[in-house]
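Student: I'm new to this one, and I'd like a close look at its charged side chains and the spaces around them. Could you show me the model first?

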Amino acid sequence: MTDRQNDSLEKYEEEENRYWQQLRQEFDRYKSDLDVTNVELAEGLGISRQPLVSFMNKSSNKLPIRRSHLMRLWDFLTAPEQIERKSISDEAKSNREQLREAGSNSLLKAAGFLPSSTNMIVEVDPSRHQQLQRITSRLSNLEFTEFTDFIKITEAIENEIAARYYHVSIPDEKPIIDGYASLENIDIIVQQWWNARIHYEKPSRKMLEGLKEAITKLIALGKSEFNKAELFELFLCILEHEQTTANMNKFLRKIRVTECQFKTLTFSLDEDTDDLATKQLLKNAANRAERYLRGDLYPEISDTAIEVSVTCNFGKTNQNVCWQYCSSGTYYDNMLTAVARGMGYRSNLKLVDIASQALGRKEVTTRLVKASATLKDEGKNNQDDKFYQGVWIDLDTITSILQSLVSAATTWLSENLSADELCKNYYEVCQAVAEIENSLSYCHKLTSGYVFQTDRRLKNRSVKSYLKEAIEQIKELQKTYLKAHPIFREFYASDLERQLCIANLILARSAHIQINMTEAAEFLSEVGAELNGNSQLSKYQPVVIMYRLEEMLHRFLSGDRSFIEQKQWQSPSSSYNINNCLDELKTYIKEGTLRYGSYPGRFDFDVYLCASEIFARSARLDFCSELESVQKLDTAAENFLMAAYCSSKIGLRLKAAHLLANASRVCCRLGDGDRAEKLANLTENIIKAEIKPTDVFSYQEAILAEVKIARGERLLLIDGSFTEALKMFFMSLKGSIYLGFTRLIAQNFYNIARVAEQLKTSQLKFAMLLAKYFDKQYLELFDETKGWERTKVATEAMNFLSNLDSSADWETIAKLFKEEAKSIWHQCFEEANPGKEGNHPVEEAIDNYKFLCKLK
């Protein structure tokens, strides 16, 4: 036999195996829905029990049966006398009776046999058979370049039938169901409508129950009137759904879209200021950011970022899954993407057609909407393309479209998830991936506001403890479900890989904020290992770039002299060059990575976050290390504003506010006091608008720490109001201790030292100002504040302040606070470089008061 003949034989054997698998799936459904045992299946088929058991546990791929065996099984399981004497549940008996009414076709089709009736799916009056056969023959034999052309023709036929059947020319047609009073008589009304001989199909009890259930649900949602055309379309939709899901697993068959919510994340930075110059400054920064990311050919300002949340129920009250997605795409695109990502089919299926149509007369206020969606499986191993279509009728367009899409996808899923247990596992993995994704977005929001305390939405856990548990959960999913089932790897491997990296990056950032260099290095090592060991993940540029940016922060905090003194983030030849990060992100935006749910030209949450981090990292490194160049600080101010703009696109208000505060601080170093104050005012307005009444008072005060330090630096560097500056630095210090924001603690200590240095000849007493502006008892409240998480540096800062000799002279105070600031930077150096002698370069800049000095 030739290789070609072997290939051909393998192709048909694969097709035969699919039929055997479908039959196994149908038997599993019988076991679940009909309370059937292996003994009963074997007896009904007329074979011994052992071959059946081997077939069901997949140790054997076939059964010694013919078509007649399946007909015998159907009759055996559904015979009235058999049902009567079986000790099974009432639900199982009802299901057997319904199977009796439905006939044996679903069982025969599952095994690849011809059904008992060779008529069309919807049985027809014999007098119409010739005409319908003529239409069927034409549709079957026409050659179409694209399947969508075929869909358009069939939809045109449906629409023409509907237009004639709706009787739009008869405005006084009375509805069959009129008003909520019909609820009491719904059984009678539906039966009467059916008996009016509007159609030929004989209804099954299951069909009637389904129709009554759908009508009752729609009435509850506000649809109080139904005419005969609407009932007919509803009937056809239910009929088609029942036929396409007859052999489908119950877990997939019951997936229903219950809610779809849209939220505009983008906000305008200038909405909290009335100053025209500041508005123009922010607009210019936004335009520059867009040109960097999109190029000169794109509009000045990109589209608004919309977050969509699609909630689906998997059959039970507590089995809800919420899929979220955010991007600059349209409402429509975002909700379709949320479903594709959530269900796991985005890399396998392509949406080729989607349509919706309002039913009934235009005069009716609450019209039903019929929607259809068609997905294309473009084929593997040289197999032909395959199409899956879902149709749904509901009260609103959004639900109809989404449910039709879910219905099409579940048909495809049913072919890939062969057993009940696999379908049950699908829900568990799907739900876990969605929950982790939603929580990661929330953690981004919390950490951008420096919230490390316990949070109710995270089940009263801190961000750090939640993320560590999430990482363990991800690894457990990878080791169990994904390792055991290749289909789950295909659906969700990329999501879990990305989530693992994002969780570790958030933890690394939290560790850096609190100056826990050992932990930060460990989290970064986890990300590096994932990227180096996974060639696919290395193509997801947002994670790759954010990892590189976090590495840069780690090198700076570690006191890497070559990195800091050579300013490697500015060097074109360095692997840490930030401009390279920006170029890579621009290329990624244009091309996208469908495997990770990224679409060409679309700005999703990760893209905006990554862009914000690029601008912010460049700005912060320049701000903290530049001791001479005014031009570099000008660029840093611009980068802070562009970073704030990108954060505003995805609704990270507190992150945007902190970036604006840093821009204000740069302006202080540049001697622009007016702009510095206006940016500080804007920052405070944004933060105060974000504070919730439920936030504890300590947090409400602490979150303004960066505003206070910005105002203090203006008073110190520009106005020369040293005592007022000291007040601001003390207020900022209290807040930074509460937040555990170590870098800000060090900078406040340093700023207090700078003030003390200026007051060496003053007659004012430090003890008096300390008592006036900084109540030491405030520190004692931290231990009692619910959820406050003590950090090492914050604890040391509290001890330093508690043991401080406030009666010392200003020169001594300056020295003490300067040494305390240096000790924090030295701690960074020592922890990151164990056993290595030396100092952090920032320590040297602090010694001669060049750190954060005024250049203009």
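Student: Let me start with K678: which residue does K678 form a salt bridge with, and how far apart are the closest N and O atoms?

Tutor: The partner is D674, and the closest N and O atoms are 3.1 Å apart. Before going on, a word on what you're looking at. This is a predicted model, where local features need pLDDT of at least 70 and side-chain atom pairs count only at pLDDT 80 or more, while totals for chains, interfaces and linings use all residues. Residues are numbered from 1 along each chain as its sequence is written, and side-chain values use heavy atoms, with hydrogens and water left out.

A salt bridge here is a side-chain nitrogen of Lys or Arg within 4 Å of a carboxyl oxygen of Asp or Glu. K678 and D674 both sit in helix 27 (residues 673–690), and because they are 4 residues apart there, about one helical turn separates them. Helices are DSSP runs of H or I with at least four residues, strands are runs of E with at least two, and both are numbered from the N terminus. K678 has 26% relative accessibility, so it counts as partly exposed, and D674, at 48%, counts as partly exposed too. The cut-offs are under 20% relative accessible area for buried, over 50% for exposed and partly exposed in between, with a 1.4 Å probe and protein chains only.

Now zoom out. The whole structure holds 45 salt bridges. Some join up: E677, E684, K688, R711, R714 and D719 are linked in a network of them.

Other pairs reach across the sequence. R96 and E40 meet in a salt bridge, at 3.0 Å from N to O. R96 is in helix 6 (residues 90–102) and E40 in helix 2 (residues 38–45), so this pair ties together parts 56 residues apart in sequence. R96 is buried, with a relative accessible area of 0%, and E40 is buried at 3%.

Then there's the salt bridge between E437 and R341, at 3.9 Å from N to O. Here too distant parts of the chain are linked: E437 lies in helix 17 and R341 in helix 15 (residues 331–343), 96 residues apart. Both E437 and R341 are buried.

Rolling a probe the size of a water molecule over the atoms shows where empty space is left. On a 1 Å grid over the protein atoms alone, a cavity is a set of points where a 1.4 Å probe fits but cannot get out, and lining residues have an atom within 4 Å of a point. Points are joined across faces, edges and corners, and the volume is the space filled by probe spheres set on them. Counted this way, there are 9 cavities of 30 Å³ or more.

The second largest cavity has a volume of about 210 Å³. Its lining has 16 residues, and R341, E437, S441, R498 and F605 lie nearest its centre. Strand 5 (320–327), helix 17, helix 19 and helix 24 each give two or more residues to this lining, with the largest share, 4 residues, coming from helix 17.

The largest cavity holds about 440 Å³ of space. It's lined by 25 residues, and T447, R509, E550, E613 and K655 lie nearest its centre. Helix 19 supplies the largest share of that lining, 6 residues. By class, the lining has 13 nonpolar, 5 polar and 7 charged residues; nonpolar means Ala, Val, Leu, Ile, Met, Phe, Trp, Tyr, Cys and Pro, charged means Asp, Glu, Lys and Arg, and the others, Gly among them, are polar.

E307, in strand 4 (residues 306–313), is buried yet has no salt bridge; K263, the nearest side chain of opposite charge, is 5.0 Å away. Lys and Arg count as positive, Asp and Glu as negative, and His and the chain ends aren't counted. Leaving aside neighbours within four places in sequence, E307 is in contact (heavy atoms within 4.5 Å) with residues including K263, F262 and Y325.

Technical notes:
1 Å grid on protein atoms, 1.4 Å probe; cavity = no way out; pocket = protein on both sides within 12 Å on 5 of 7 lines; lining within 4 Å.
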